[in-house]
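Dear colleague,

Please find below the structure that I am handing over to you. My notes on what was found in it follow directly after.

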Amino acid sequence: MATLRKYGNFFNGVWPLVKDLVKEEIPLQSKLVGWFCTYTPLEVIVAAGFQPFRIFGSSERIAEAGVYLPPNLCPYVRACLGEAFLGRFDGIAGVVLVHSCNAMGQLASAWRRYTNVPVIAEVHIPRDSDSKAMVYMLSQVRSLIRGLERAGGTVTVDSLLTAIRTSWAIRAGWNDLLAKQRRVPAFYSGAGLSRLGRSLQRAGPDQAKALLDLPRQTEYSDTTTRTGNNPRFILTGSVVSPGLLDLLDSVGADVVYDETCSCGRALFSVCKDVKHGVEGALLESAFPRIDPNCEGASELDTLIEYLASWYLNRIPCARMKPAGQRIRYLVSLAKEYSAQGVISSVVKFCDPYLYEQPLLRQALLKEGIPYLLIEHEYEVVPEGRLLTRLEAFIEKTWRPGRSAI
Ligand code: SF4
């Protein structure tokens, strides 16, 4: 792999700023509401006067979590319960538990039983998006609002409208950064952009705007040595720690789009601000009724309906229906970002994503797009076997001067 090299990038310089920004401006602990799954309607939490922050879990007390949860259960879920045992969430307003997969359901039971961290609400996400599912989702969003009100928050038409518009502005800012990843060479390092994406999921609206501004402020001092010859990949799958992205960075591979549940799936948007790309096209075809500014909405019910519809109809995760839409989306994404392959990263025992792999592999290979599956224990450590697999995949898919797909 002599031709693949480690390179610097401006995020290395910016990263301490990102961490300081998030740390300095974190509001009172009692205003924080923890969330786990990207189907949590965050706008409602913001509208109620709280700051949602993503719980990413920690492997430090994962063994203790294993006392209460079976060892053959999603390691992300076990890491989240383990992080609660570290006392990091003491004093927060509470968490929103989401029943989106079997493992998340088990987390909900264990959380209530074995931690002292309050539960604001348990939101059950339907797997479909038809009219019955919509009625059910509406009831779940309303139940979340009731939970937030019990915790001292208030949701009004104005506060929800502001929260929805802010959320679209953040998604549009994220899309602006992604647009630069379509260039050859990619503008940002995959690991850097993913770290920024993780920070955005723990930031309040003002912090998020400042975070999105950091790359814009510093882009002209970018000293990257990245070239058009770097292999480009889409990273998809369930949750993953930044370790895998660091590893890919270290072997000179550009992750041009991190579509995993830890990053892109929590932030991506199909919004009318995106005039280009598969997201924009999907918006026009699948979401003709969605107006990001909710013009004319004057009733809480209209806004709740809008939110329920948005969460049920966006690009689905592997647990939702239909699988075909998601697979077509990934194929388009690989083409659009001129990727030379797709790396699918799945935590062990994650049935929804493992179940999808044969179909995804088949669809990608039919289009001549190389595919690699990496199963891991959530906290990816750069061990030799994994490094060898990644290097072999890169060697197989990339040659200097090879044109992108
Ligand atoms: S990683 Fe898979 S099993 Fe774990 S919470 Fe997500 S979808 Fe569920």
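**The ligand and its surroundings**

Three helices, α4 (75-85), α5 (102-114) and α15 (351-366), each contribute at least two residues to the shell around the ligand. Please keep in mind that this is a predicted model. The ligand is surrounded by 14 residues, and the closest are Cys74, Cys101, Ala103, Ser238 and Cys350. Sorted by class, the shell around the ligand consists of twelve nonpolar residues, one polar residue and one charged residue. Both domain 1 (26-155) and domain 2 (186-271 + 313-397) provide at least three residues each to this shell.

**Helix α5**

One of the helices that supply the shell, α5, deserves a separate description. Helix α5 is made up of 13 residues, and the distance from its first C-alpha to its last is 18 Å, close to the 18 Å expected at 1.5 Å a residue. Its buried residues are Ala103, Met104, Leu107, Ala108, Ala110 and Trp111. The elements that cover these buried residues include α3 (62-68), α4, β3 (94-99) and β4 (119-124).

**Pro126**

Where does Pro126 lie? Pro126 is in the loop between β4 and α6 (131-150). Pro126 counts as buried because 20 other C-beta atoms lie within 10 Å, and the cut-off for a buried residue is 20 or more. Leaving aside residues up to four places away in sequence, Pro126 touches Ala133, Tyr136 and Met137. Pro126 and Arg319 are 193 residues apart along the chain, and their C-alpha atoms are separated by 10.0 Å.

With kind regards

Technical notes
Residues are numbered from 1 along each chain as its sequence is written. This is a predicted model: local features need pLDDT of at least 70, side-chain atom pairs count only at pLDDT 80 or more; totals for chains, interfaces and linings use all residues. A residue is near a molecule or strand if its C-beta atom, placed from the backbone, lies within 6 Å of it. Helices (H or I, at least four residues) and strands (E, at least two) are DSSP runs, numbered from the N terminus. Ala, Val, Leu, Ile, Met, Phe, Trp, Tyr, Cys and Pro count as nonpolar, Asp, Glu, Lys and Arg as charged, and the others, Gly among them, as polar. Domain bounds come from an automatic or database domain assignment. The expected span of a helix is 1.5 Å times one less than its number of residues. A residue is buried if 20 or more other C-beta atoms lie within 10 Å of its own, exposed if 12 or fewer, and partly exposed in between; C-beta atoms are placed from the backbone. Two residues are in contact if their C-beta atoms, placed from the backbone, lie within 7 Å.
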